[in-house]
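Trainee: I would like to go through this model with you, beginning with the place where the chains meet. Could we look at it together?

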Amino acid sequence: MDERRMYLIEVRGRLPSALTAELGRFELAFIGDSTLLTGAISDSAALYGLLARLEAVGLALVAVRPLPTDTGDRA
Amino acid sequence: MGRHHVARGRVDAALDDASDALLVLVSAPAGSGKSMALSGWLARRGGGAWYSLDAEDNDPAVFWPSVATALALAEPAEIATARDVARALFDAPTAPSVLVLDDYHAITNPAVHAGVDQLLVEAPAHLRVVVASRHDPPLMLSRLRAQGALRELRFDDLRFDPDEIGAVLQEVTGLALSQTELRRLADRTDGWAAAVQLVGLSLRDHDDPAGVVDAFAGDNRHVADYLRDEVLARLPERLRSFLLATAILDRLAAPLCEAVAQVADAQGLLEELERLNLFVIPLDRRRRWFRYHHLFAEWLRLQAPADPSKHLVAAEWFLANEFTGEAIRHLVAGGEADRAADVIELERWVLVGQGREETLREWIQLLPADVLGQRPGLTLVAAWVAHHAGRWDDVRHLAGSLAPDDLDPLTQAEVLLLEAGRQMAIGEFADAGRTAMAGLGLVAPGEPRARTGLLLVEGRSRLELGDLEGATESFSEAIALAGPYNVTIVLLIARSHLAEIHRRAGRMHDAEVEARAVLDFAEAEGLAEHPEATVANLTLASVLVDVQRTDEAAEFAARGLRLARLVPYVPRQRQAGDVELHLGPAAPRRRGPSMVEPLTGRELSVLRLLPSSLTPREIAAELYLSLNTIKTHTRSLYRKLGVQTRHAAIEEARRQQIL
């Protein structure tokens, strides 16, 4: 299966506060009008699940980027 | 939303303008006002057919009859395919000329997409299909676009401009805001329908509207938080707690809400919420079923602490009212995956008996992986799903993974039935007969489960080995056993083979009468497009050739040959070969070797990207799969198409009209 790796996900707007707790395993950053989530995702099913969750609460997806694996140890 | 619709001039005009399009695609994110715009347009133009989809519609046996119901076609239960819908529409000149399929993103089964494509091609020219979805669906969009037959409405088209925001707020609150305020709101909400509605709600009964606009425009909270702080907080407690308690429900009916929220007059509350424009949408005219606007429900769920016991109450209600799919979903959400598995295991005989394995597939996907591997019954459900799809290696692997000593006799017989079916499918007729006989020794004579299926395999094996009399006995016993329970798939198979036995014995008249009766039965039970309908079509074709009615024969032959290709199954493919020989030059020519094994969903999605200029690595990125997985799928689809290269695969897929 796919390997666990780090992703950076950008959505437009702020996260609803209840979602901030739910997504506690991600590092959050706010840049301009965007929220950046950084964290490890175990496989593509988990990635799809997360994207679907963000979509369901109405957050517009701006970007999904896998990060170079050498930063993976940091998390 | 609710009973009132603010006129949306631009959107209405675009929709009216699309009268020459076959497909209108409304593709935009959650909360952008797709359903609202479409239902308003339909109401203003005087009606049309409306169907809201959910995950259950991935089963074509659920989807097509529901579409037929929405179109008010006669006898919707008898409609099993896109073609049936198209035909029925030709016979129903007063049927609506607009069909809206809302929430189309719920569909993931390629068979449903293919059916909708087919409907677009075959329906009467005046039918306009409107698909509303959060994503562009995998329908034949580029082909339609090239023909000028596609109209699209996207987020930009749905965005509320300042004037429309003014109209919404006036409608909801009776207030007229200044142009400056409206422009600021348009800016802050991005014209997003859901946010505009929320502002309207918080303006109502507020003594300082300008302050509300300022506050909303000036803060950067997410609108879900705005909902909690400014809208929910100002509702009376009984409404707020009702909303939070019922947010877990995908659809709402008063008795269900009364159980889940523990209130007395849920009907009154629901209608009050509807009047207050609180994102409650009635699903039927009698206002028995409602649903929350999807995005609103998600936001409510964010505010309500997860309470498994509420899911379990909902599950009990759905079980008691025989909405099995929803019951399973709530059992899983309530942490009772094992009980969900009990329900699925219990239902498997009914669903397999009706040819509804697709529904079983949907259900087991809801279960957590650790439950799936633990239960023999679920392994057997997965084996039936594989059986239906003709994945014979998987059938053997799954059924063979169970240790017979741990199983009760009926389940042992089921394992043998799956194995016998597999042997029959790959042409090991004598072995199939022996396995079936071993299975029959394990079930009591009056037990329909497993026994009917085993009798069918026994009969098929005897027929292939030339024992017409023995085969007749097996099939007759299967009919006698299945009849009282109306196990439709068993009746279809057994009666089809009795017709074929008549034919082989030279009783052409009996064969024709029985084959026609069976095809009527299949039509009536929604099984006309089931792979098991192959035999009756081919038998009838052979009989008709024999009596020189070649034209009529060709029609049934064409259908039988098409169905024979759906699932790899040696006896049916043999019969298909015979019919083609028999028909001679009049036979509809197969264009080259037909595909023996159908492509899987993953293989199809890879195939669809082959004509692009993407490299395998880019295809992998596009589908969020690893490069190795893509290579495996590519190899397997080349094998199934009988080709060696990417170019040849594209050519072959186009020739077979898969692409």
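Trainee: How many salt bridges are there between chain A and chain B?

Mentor: The count between the two chains is two salt bridges. Please keep in mind that this is a predicted model.

Trainee: Which side chains meet in a salt bridge at 3.2 Å, N to O?

Mentor: Arg12(A) pairs there with Asp190(B).

Trainee: And how many residue pairs are in polar contact across the interface?

Mentor: Six residue pairs, with both residues at pLDDT 80 or more.

Trainee: How many residues does each chain bring to the contact?

Mentor: Chain A brings 19 residues and chain B brings 17 residues. The area buried between them is about 1,500 Å², and carbon and sulfur atoms give 50% of that area.

Trainee: Changing topic, in what order do the elements of chain A run?

Mentor: From the N terminus the order is β-α-β-β-α-β, which comes to two helices and four strands.

Trainee: What percentage of chain A is buried?

Mentor: Of the 75 residues in chain A, 40% are buried. The accessible surface of chain A is about 4,100 Å², with 53% belonging to carbon and sulfur atoms.

Trainee: What about contacts between residues at least 6 apart in sequence?

Mentor: Among those contacts in chain A, 72% join residues at least 24 apart.

Technical notes: Residues numbered from 1 in each chain as written. Chains lettered and ligands numbered in written order. Predicted model: local features only at pLDDT ≥ 70, side-chain atom pairs only at ≥ 80, totals over all residues. Heavy atoms only, no water. Contact = heavy atoms within 4.5 Å. Buried area = accessible area lost by both parts, 1.4 Å probe. Salt bridge = Lys/Arg side-chain N within 4 Å of Asp/Glu carboxyl O. Polar contact = N/O pair within 3.5 Å; in protein donor to acceptor, adjacent residues only side chain to side chain. Buried < 20%, exposed > 50% of the residue type's maximum accessible area, 1.4 Å probe, protein only. Areas by Shrake-Rupley, 256 points an atom, 1.4 Å probe, with all protein chains shown as cover.
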